[in-house]
Each structure stands twice: as C-alpha cells, then as structure tokens.
Amino acid sequence: MASHYEAPIRRPLVTGDKSYHDVTVDVAAPVEGKANKSWWIVFTIALVAFLWGLGCIIYTISTGIGVWGLNRTVNWAWDITNFVWWVGIGHAGTLISAVLLLFRQKWRMAINRSAEAMTIFSVIQAGLFPIIHMGRPWLAYWVLPIPNQFGSLWVNFNSPLLWDVFAISTYLSVSLVFWWTGLLPDFAMIRDRAITPFTKRVYSILSFGWSGRAKDWQRFEEVSLVLAGLATPLVLSVHTIVSFDFATSVIPGWHTTIFPPYFVAGAIFSGFAMVNTLLIIMRKVSHLENYITIQHIELMNIVIMITGSIVGVAYITELFIAWYSGVEYEQYAFLNRATGPYWWAYLAMMTCNVFSPQFMWFKKLRTSIMFSFFISIVVNIGMWFERFVIIVTSLHRDYLTSSWTMFSPTFVDIGIFIGTIGFFFVLFLLYSRTFPVIAQAEVKSILKASGSKYKSLRAEKGDDAKHYIMPSGGKVAAEKKADTSEDHSEKTQSLIKAIGAFDAATQTADDLKLISGVGPKMEEKLHQLGIYTFEQVSKMTDAEYDLLDSIIDEFPGRAKRDDWAGQAAKLKNS
C-alpha cells in the first residue's frame, strides 16, 4: 500500500502533448501565415454587408430618421432593439476574463482573448446607434460637459441618451485597456519572431517595450487584477443603466424593478452564446482544436444553460407581477405580448431563450460541437426577439385605442442592422489575422504535459527530480516511449490474460462507447490493447482497473469510478 495519496492530474485543457515551442508556433501561425480561402470568403461577405449598412447610415443622416419605420405611437423600435442587443453581447467577454481571473479558473486562458475582442467590437456597434439616433451626429460632442463655442454647455443628466453615452464610453475604455494589457506579452512574442524590420517595428510599438523581466510580469499580474476588479462591477452596472432607459418610464410593461437583474442575466446569456459561436468558428478556421477543446465548449454551455434558466424565471416573475398587481394596463400589456398581433415574436423569444438551453442538461448534446453551434445562434436570435418584444409590444397599443398601430421596419432599418453585423465580423476577422488569438504565456502555464512528465520523473528519481533539467517537446515523449514500451507490453499481456482475448473469427466487436465514460478516443485505445467486447470489460476487477490505468495513463480511476465492469455486464445481457 502506498505511503501517501497521489492526486490524479485533471483532464488537460490543452491536448496534443504540446511543448512550449509548439504553443508559440501555433499561436503565431495565423498572424505570420497567409489567410486561407475560407477566411477571404467570409471577410468578403462581411465587408459587403458592412458597406451596405454604411450606405444606409449615410442615407439616414442625409435624409433624417423619418426613413426608419418609426411612427407617432412606436417611437422606439428597431434601432433601440439593436442597441440593447449589441450591448448585451458585449458583456460576456469582460465577464469571462475578469470574473474567471478573479476566481482563478484555468479554463479561461484559451478563450479570454477572443472574448475580450468580442466585447470591444460589440460595444462599438452599440455605440453607433445613440450617435445615429441624435439625428445630427456632427453635434455628438454636445453630450459632453466641455467648453464650446456657446460658452458653458450643461448637458441634460436626466436624459437616458446621456446615460447610455456615459455607460458605453466607460465600459469601452476599461475593457480596451484590460484587453490591450493582456496582449502585451503576445505582441512581444510576435516582435521577437518578426523577420521584416517593418513588422518588428510595429509590434515593438504595440508591445510598449515588454522585455519579459520578472518586474514586467509582476506589474502585468497586478494591473490585470486591478482591471478585473474594475471591470466586474461594470458588467453589472452598464446593462443596469440600459435597463433604466425603460424602467424609469411609466409605460406598462416597462415600469418594473425587476428590469436591472433581468437585463443583466439576459446580457450574460446572449454574450456567452456569441462567445461560443465565435470560439467554435475560430477553433476550426485557425486550427486551434488543441487549445479550444470540447471541455471549454461544455463549460460554456453549462453557463448558457444556467443563465437561460435565470432568464426563464425572470419571464415567469414578470407575468406573476403583472397578475398580482391588479393593474389592468399591466395585465393587458403582457396578455397582448403573448396573444396579440406580435404573438409570433413572443413565441420565438420563449422557445429560443427558455426551452432551447434546457437541452444542455444532456452531456452528449452539450459536448457536441455542431449542436452547441446551433444552440448558440438560436439563443442570440431569441435574445434579439426579447428586446423587440419588450420595446415594440409595449408601445404599439397605447392607452387610447385610436392610437394603436403596427410597426414594420423599412429597408434602411434592416440595412443598418445587417451593416453592424458585417462591421463586427470585419473587425473580428482582421483581429484574428493581426493579433494573437490565444494568450500563449498563460496557456503555457497550464500545459498538462509538463505536470504529467514531472510526476513520472519524480516517481523514477524521487527527490532528485527537482534538480533534473527536463528535455523539451518530442524528445521527452520519445525517451518515455522507448523506456516504457516493453513494460506496457508485459502489462497488456497480463490484462488480456485476465479478461480473455478477442477472436475476430468467432466473435463480434461491441460498441464500447455505450459504456458511460468511454468515448471515441478511449474506445480506440481499448481496441489497441485488444479489448473489443462487453464480455472482456465485464471481467475486470480492481487489479485489471489498475493495470488499465498504468497502461493508458489518462483519467486514472475513471474505469473504477464509473464501474465499467458492471455497465458491461448489463449491456452484455441486454
């Protein structure tokens, strides 16, 4: 019996047995290499959408916002819906980086960079709408209390438009500094690898003289923690202020105290969904499957499931408050949402936001890349419908039936929205080609390979291991393989002798993936050992479990914890 308990290493957040050099090469590849055909196709589509939207914005400014579908009753509609939607999407990026950094969650390290970039680009899209909505954007500086040609101009602090300006500018500035600070070590890495003098010069400026000294890292960690502490309350405050645009009015359906937490939960919900969408695309286009793993996608899906449930509770609470208040105007507002002429939008909202995330309770679905991608898009569609339902259905039927009317967007409304989506993807695609999309220094700190190799080394050399200088990369793997191949062969023979050999001529292989805990890769490894049937697995005891763990050397104790033998016995007899 062992004198002490050796804790198993957790599932790796970086797969592929990467060395530190491999991480550097993989992170630098999208920046140093040429864009592939897929990138150019997506970029061209996004650029066309952006130019169309830019034309619609110019037409709006030159003609007036009368070209929108607004009318005397529905004076807030498509533009405010898009504004709130973009602000919501911008929340999850800073939340992932800031909150998960404060809680020391390692799984943030491969995804925080893209999430932070998403925040910056989303807030830029949101900021366009208040400027356009002013009607005279060349006078946008009037919202700032600064000296001007009229003497002292005092802005109207009671205006919700002003709240939005202050909220967005504060959030954008803090998020931008937080994002850029995290990029400094990666800019320095690209600078040091640069071949042309121009590239080296550009990234030298961007890296702010980063040298990699211990003092640099100390200041880097201190500033990151301070900015994370500042950004976390901003995540809550910005969308709370956006909710006040509605909650401070007396319009039925808006005048409620549940709006601030309800809006914040919805923003985090939609933001995480957009991050998931971008991550799934990035891992495929930039070949980052070893860094953005199924485990990352699963954890994101769990957050989406939880926040989706919170949003569902908020919907039910709204309905209860309207009923319990006894105010017939409030009751009618919610009844009209569900059964009025915009019932289809309410149904889309409930289906996408409340019911679709509940599929994530099933592990098989939340670990499916295609299903996760589909649900993330569905959630963002649902959150757009939520804002549309809140705004339009609360306005289109006023206290007087004579003023009831319907809202229909014009081609300019739709064009501006599509243009912002195109602008967002243009910025994100350019970012992926010029900025490192993975925080390489942080990823190196969580490489499973280094921990596994050190454990093996310590088992062999004891206390002398701490003075041993480990070789890098593939050399370690080659030496380890040469030293242990003979030992594994003996253990494999002992394992097969205990559970019986598989005869392909007389026996049929079973689908071992039906055993909980056995995936495609694990099944492949079992096949390599000669294990093909439930009959063989059902004969495993503690001794065979230990042999299997020592041979495979991944997820130690899983077979015993999941009772593979018991599961196989039931499957064999079914």
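Predicted model: local features only at pLDDT ≥ 70, side-chain atom pairs only at ≥ 80, totals over all residues.
Helix α15, residues 411–434, has 24 residues and reaches 34 Å from its first C-alpha to its last, close to the 34 Å expected at 1.5 Å a residue. Of the 24 residues of α15, 17 are buried, so the helix is largely enclosed by the rest of the structure.

The chain as a whole comes to 23 helices and two strands. It has 574 residues, and 48% of them count as buried. Its accessible surface is about 28400 Å², with 65% of that belonging to carbon and sulfur atoms. Among contacts between residues at least 6 apart in sequence, 78% join residues at least 24 apart.

Charged pairs come next. Side chains of opposite charge can pair when their charged atoms come close. With a salt bridge taken as a side-chain nitrogen of Lys or Arg within 4 Å of a carboxyl oxygen of Asp or Glu, the count comes to nine salt bridges.

One of them joins the side chains of Lys-363 and Glu-298, at 3.0 Å from N to O. Lys-363 lies in helix α13 (residues 363–366) and Glu-298 in helix α10 (residues 294–325), so this pair ties together parts that are 65 residues apart in sequence. The two partners fall into separate burial classes: Glu-298 is buried, with a relative accessible area of 6%, whereas Lys-363 counts as partly exposed because its relative accessibility is 46%. The pair also belongs to a network of salt bridges that links Glu-298, Lys-363 and Arg-366.

Another salt bridge is formed by the side chains of Asp-192 and Arg-191, again with a distance of 3.0 Å from N to O. Here Asp-192 counts as exposed, since its relative accessibility is 53%, and Arg-191 counts as buried at 13%. In a further pair, Lys-513 forms a salt bridge with Asp-511, and the closest N and O atoms are 3.2 Å apart. Lys-513 counts as partly exposed at 38% relative accessibility, and Asp-511 is also partly exposed, at 34%.

Nonpolar side chains are found on the surface as well. Leu-47, Leu-51, Leu-54 and Ile-58 form a nonpolar patch there, with about 330 Å² of accessible area together. Leu-47 has its place in helix α2, which covers residues 37–63. Its relative accessibility is 31%, so Leu-47 counts as partly exposed; membership of a patch requires over 30% relative accessible area.

How values were computed. Residues numbered from 1 in each chain as written. Heavy atoms only, no water. Patch = residues over 30% accessible without salt bridge, like charges linked within 9 Å, V, L, I, M, F, W, Y side chains within 5 Å. Areas by Shrake-Rupley, 256 points an atom, 1.4 Å probe, with all protein chains shown as cover. Helix = DSSP H or I, 4+ residues; strand = E, 2+ residues; numbered from the N terminus. Buried < 20%, exposed > 50% of the residue type's maximum accessible area, 1.4 Å probe, protein only. Expected span 1.5 Å × (residues − 1). Contact = heavy atoms within 4.5 Å.
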